[in-house]
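Me: I am new to this structure and would like to learn how to read it. Could we go through some features one at a time?

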Amino acid sequence: MGKALIIGAGGVASVVVHKCVQNPDVFEEICIASRTVEKCDALKAKLDGGRTKIQTAKLDADDTQQVIDLIRKFGPDVVINVALPYQDLSIMDACLATGVHYVDTANYEPPEIPKFEYKWQWAYRERYEKAGITAILGSGFDPGVTGVFCAYAQKHYFDEIHTIDILDANGGDHGYPFATNFNPEINIREITAKGRYYENSQWVETEPLEIKRTFDFDGIGPKNIYLLYHEELESLAVNIKGVKRIRFWMTFSDNYLNHLRVLQNVGMTSIEPIEFEGKMIQPIQFLKAVLPDPATLGPRTKGKTNIGCIIQGVKDGKPLSYYVYNICDHQECYREVGSQAISYTTGVPAMIGAMLIMKGIWRKPGVYNVEEFDPDPFMEALNKYGLPWQESFSPTLLD
Ligand SMILES: NC(=O)c1ccc[n+]([C@@H]2O[C@H](COP(=O)([O-])OP(=O)(O)OC[C@H]3O[C@@H](n4cnc5c(N)ncnc54)[C@H](OP(=O)(O)O)[C@@H]3O)[C@@H](O)[C@H]2O)c1
């Protein structure tokens with residue numbers, strides 16, 4: 001069917017590449033391009049020889065001109081951006097300049113401000129419309145599948161959705177005293193930020209990890225969950241009409257939080273540059289360099305993830321509660337694609353978003369979040385490509 005340019009060669013990119021190669025009717029040719037080309041070459045060496053032709057390229061995606069040059073040379077139908085959120089705008093600019101569709105999994109964040117918002121990427125709407133190309137923002141799991149779950153609930157079960165609770169549980173154990181499951185810098189920036197949720201058309205701010213509950217997760221068991229701000233809250237507050245409250249919850253073990261507290265207290269999670277041996281460094285960048293590389297956690301991680309949405313509202317005048325979630329097993333993911341479940345649950349939906357653009361099913365000029373498309377083909381593809389979902393109409397509710 002066509003060609004995809006995959007930018008990035010980390011944990012998530014590796015899953016995207018595996019999944020594209022498993023789907024050669026759609027992805028006839030891929031180019032894996034990243035800052036460290038050796039990582040792209042290693043993926044090619046592992047997966048070459050099948051029906052999907054693979055090439056690699058060295059690319060600094062912060063440089064729009066380099067991205068434009070590579071797009072012109074390779075000629076993709078879609079760019080799958082699974083580098084870091086900092087590259088979103090330079091890659092979107094390159095897609096605009098070359099008329100190529102765009103998919104990512106995380107919204108833009110300026111490196112110097114730990115604050116993610118859609119405003120920078122939503123500002124491209126008119127230009128993408130005029131250029132006749134589609135950008136799908138946040139096609140990972142959360143954001144991504146969580147938005148599709150909400151759109152599916154809206155389409156099939158509810159007249160009105162009143163509340164959404166997104167629950168993200170990781171019951172995996174990698175055996176290290178402390179490690180992050182995806183890019184440490186992005187992960188720590190997210191957790192150390194203030195919490196925020198949406199209620200009655202307003203944003204309510206909390207101290208970091210101030211609000212805590214316990215929830216018994218199918219496949220994992222009871223876990224402490226903490227209220228965080230997460231980027232899909234912003235788009236769902238706009239796109240799920242009439243919603244009154246949206247919250248996002250994530251599990252953290254006491255051990256993880258103790259380590260994080262100490263690192264924060266000594267200044268290791270700061271993004272403020274400091275001088276070290278005559279060179280300016282960001283402490284969090286240094287921390288990233290000493291922590292285990294998330295891409296290496298796969299073989300060590302045992303247990304499951306469970307991510308889903310509890311949705312309440314009304315149908316035919318009666319109250320209705322609905323829970324839709326996916327359980328993913330770290331070791332099964334590792335056996336299939338050599339990555340743990342965090343990368344897997346992000347990489348599979350990124351491939352699906354790109355596939356739906358390539359097939360013309362999710363193609364409409366402009367810049368969209370996933371919940372703005374028909375959820376059905378995406379939900380079907382989740383079952384087919386390794387992230388089957390389950391439903392319950394009598395979930396335990398969070399107060
Ligand atoms: N929506 C979700 O559910 C979800 C969940 C998890 C992660 N994510 C997102 O997924 C993305 C990838 O995460 P990850 O865990 O795979 O991160 P990762 O392992 O750190 O990989 C990032 C990759 O991007 C490359 N890169 C960084 N800067 C670049 C640049 N300027 N030009 C070209 N390549 C560059 C890195 O190159 P080097 O190898 O040279 O460092 C690395 O290969 C992130 O944006 C993350 O926020 C989304």
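Reply: Begin with strand 9, residues 202–206, in what is a predicted model. Of its 5 residues, the number buried is 0, so strand 9 lies largely in the open.

Me: Which strand pairs with strand 9, and in what sense?

Reply: Strand 8, residues 195–199, pairs with strand 9 in the antiparallel sense, over 5 bridges. One of the bridges joins Tyr-197 to Val-204 in strand 9. The two strands form a hairpin with 2 residues between them. In that turn, Asn-200 has a positive phi of about 50 degrees.

Me: How many strands form the open sheet, and in what order?

Reply: There are 7 strands, in the order 3-2-1-4-5-6-17, and the pairing is parallel. Strand 3 (53–58) and strand 17 (366–369) stand at the edges; each has a single partner strand, so one side of each is left without a neighbour in the sheet. From one strand to the next, the twist averages 20 degrees.

Me: What does the pairing of strand 4 with strand 5 look like?

Reply: A general point comes before the case. In a regular strand, side chains alternate between the two faces of the sheet. Here strand 4 (residues 78–81) and strand 5 (residues 101–104) pair in the parallel sense over 4 bridges. Val-79 stands opposite Tyr-102 in strand 5.

Me: Which strands does helix 4 lie across?

Reply: Helix 4 lies across strand 1 (2–7), strand 4, strand 5 and strand 6. Relative to strand 5, helix 4 runs at about 165 degrees.

Me: How are helix 3 and helix 4 placed relative to each other?

Reply: Two packed helices are described by the angle between their axes and the distance between the axes. For helix 3 (residues 64–74) and helix 4 (residues 88–98), the axes come within 8 Å and cross at roughly 45 degrees. The two helices are therefore oblique to each other, and their crossing is right-handed. Helix 3 contributes Thr-64, Val-67, Ile-68, Ile-71 and Arg-72 to the contact, while helix 4 contributes Ser-90, Ile-91, Asp-93, Ala-94, Ala-97 and Thr-98. By class, the contact has 6 nonpolar, 3 polar and 2 charged residues.

Terms used
Residues numbered from 1 in each chain as written. Predicted model: local features only at pLDDT ≥ 70, side-chain atom pairs only at ≥ 80, totals over all residues. Axes fitted to C-alpha atoms, helices over the stretch in contact; angles between N-to-C directions. Parallel < 35°, antiparallel > 145°, perpendicular 65-115°, else oblique. Left-handed = near helix turned anticlockwise from the far one by under 90°. Contact = placed C-beta atoms within 7 Å. Nonpolar A, V, L, I, M, F, W, Y, C, P; charged D, E, K, R; others polar. Buried ≥ 20, exposed ≤ 12 C-beta atoms within 10 Å, placed from the backbone. Pairing = 2+ DSSP bridges.
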